[in-house]
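Subject: Structure handover

Hello,

Please find the structure below. My notes on it follow.

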Amino acid sequence: MPAAPRVSPSELFSPEAWAPFQTRSSWKGPLLVLHCWGVIAAAIALGVWQPLLIPICIMVIGTRQLGLAILMHEAAHGVLAGNLKLNDVLGHWFCAVPIGASLTAYRPYHLAHHRFAQQPEDPDLILSAPFPVSGVSLRRKMIRDLTGQTFFKQRVLLPVAALRQRSGRIGEAHDYDAVVTGRSVLAFLVWNAALLGLLSLFGVWWAFFALWLLPMATWFPLVTRLRNIAEHACVEGSAEDAFRAARTTRARWWERAFIAPYWVNFHAEHHLFMHVPCWNLPRLHRAIRRTEPGRRMEVAGGYVEVLKQAASRPV
């Protein structure tokens, strides 16, 4: 069972140059969680105030729901907060549970992905292995996301499958999505009922469905798919070269606002050194690219470029 290739920081940096990337912050991660919820609250308020802006608000909120998943991912690596107990409380109850995930279930699954990245044992290989696909196939997947079909599969069918599996009525492992969407159902329902109750107190109960649930059923699955494609799909040599285990995508301001929040686009750097917090990844990217091995990293010019590559198979 081969593990993914590894690189030691000492191969690229002196101890003094590497030291800033090891620094933990007691406030930056919690501030990002607060920022994420602040953006969601502001977008809900804007949609309530000006219903004509609801389509844009849906995109903003769906992207910040992905932001919650990204911050859960930071907590899975233990870097969201300096205190590990606070790290797990924030990562689980304020990031994972609201979007139907479980930090407890996600952490071992995701660390296995890092250990076996792009190897046959990689649990995330199913996300990248099918690419490239045809443009017709990719459009079909994106339509399923935007029409709520992916949401229904993840939030209804897979939790039911997980329940049946635990009760022994089925023997096969179900789709990988159930790892994070099938093991936090009760907490997810309670958390969302509380959010519905809060919005009802302000007399805008409908905003829960139009400005929280609808983004989760449409834009959130779409940008999650775009993130998954951009991170690992169509990277030549990803199984053999640690510097090519993942892709970094240069993100313009509108891509950061509507597709890739909280520096998630710096994925090659994250796979090289997975304990570096997300807010240090842009600086780490510049430092690695100044080295000779760093020039081997896969760097795309934007998400449109990635999608063209992912949909390059002839029909």
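Helices (H or I, at least four residues) and strands (E, at least two) are DSSP runs, numbered from the N terminus. This is a predicted model, in which local features need pLDDT of at least 70 and side-chain atom pairs count only at pLDDT 80 or more, while totals for chains, interfaces and linings use all residues. Residues are numbered from 1 along each chain as its sequence is written, and side-chain values use heavy atoms, with hydrogens and water left out.

Salt bridges

The structure holds 7 salt bridges, each being a side-chain nitrogen of Lys or Arg within 4 Å of a carboxyl oxygen of Asp or Glu. Three of them are described here.

Arg227 is paired with Glu231, with 2.7 Å between the closest N and O atoms. Both residues belong to helix α12 and are 4 residues apart, about one turn of the helix.

Arg225 forms a salt bridge with Asp145 at 2.6 Å, N to O. Arg225 lies in helix α12 (residues 219–232) and Asp145 in helix α7 (residues 135–146), so this pair ties together parts that are 80 residues apart in sequence. Asp145 has 0% relative accessibility and therefore counts as buried.

Arg296 and Asp241 form a salt bridge, their closest N and O atoms being 2.8 Å apart. Arg296 is in the loop between α15 and β2 (298–300), and Asp241 is in the loop between α12 and β1 (247–249), so the pair ties together parts that are 55 residues apart in sequence. Arg296 is partly exposed, at 39% relative accessible area, whereas Asp241 is buried, at 17%.

Ile259

Ile259 sits in the loop between α13 (253–258) and α14 (267–272). With a relative accessibility of 10%, Ile259 counts as buried. Apart from neighbours within four places in sequence, Ile259 is in contact (heavy atoms within 4.5 Å) with Thr63, Leu66, Val223, Leu226, Trp254 and Tyr303. Between Ile259 and Arg140 there are 19 Å, C-alpha to C-alpha, and the two are 119 residues apart in sequence.

Surface charge

Lys28, Arg283, Arg286 and Arg290 gather in a patch of positive charge on the surface. Patches are made of residues with over 30% relative accessible area and no salt bridge, like charges being joined within 9 Å. Arg286 belongs to helix α15 (residues 281–289) and, at 48% relative accessibility, counts as partly exposed.

Regards

Terms used. Patches are made of residues with over 30% relative accessible area and no salt bridge: like charges are joined within 9 Å, nonpolar side chains (Val, Leu, Ile, Met, Phe, Trp, Tyr) within 5 Å. Accessible areas come from the Shrake-Rupley method with a 1.4 Å probe; for residues, only the protein chains shown count as cover. Lys and Arg count as positive and Asp and Glu as negative; His and the chain ends are not counted. The place of a charge is taken as NZ of Lys, CZ of Arg, CG of Asp or CD of Glu. Buried means under 20% relative accessible area, exposed over 50%, partly exposed in between (1.4 Å probe, protein chains only).
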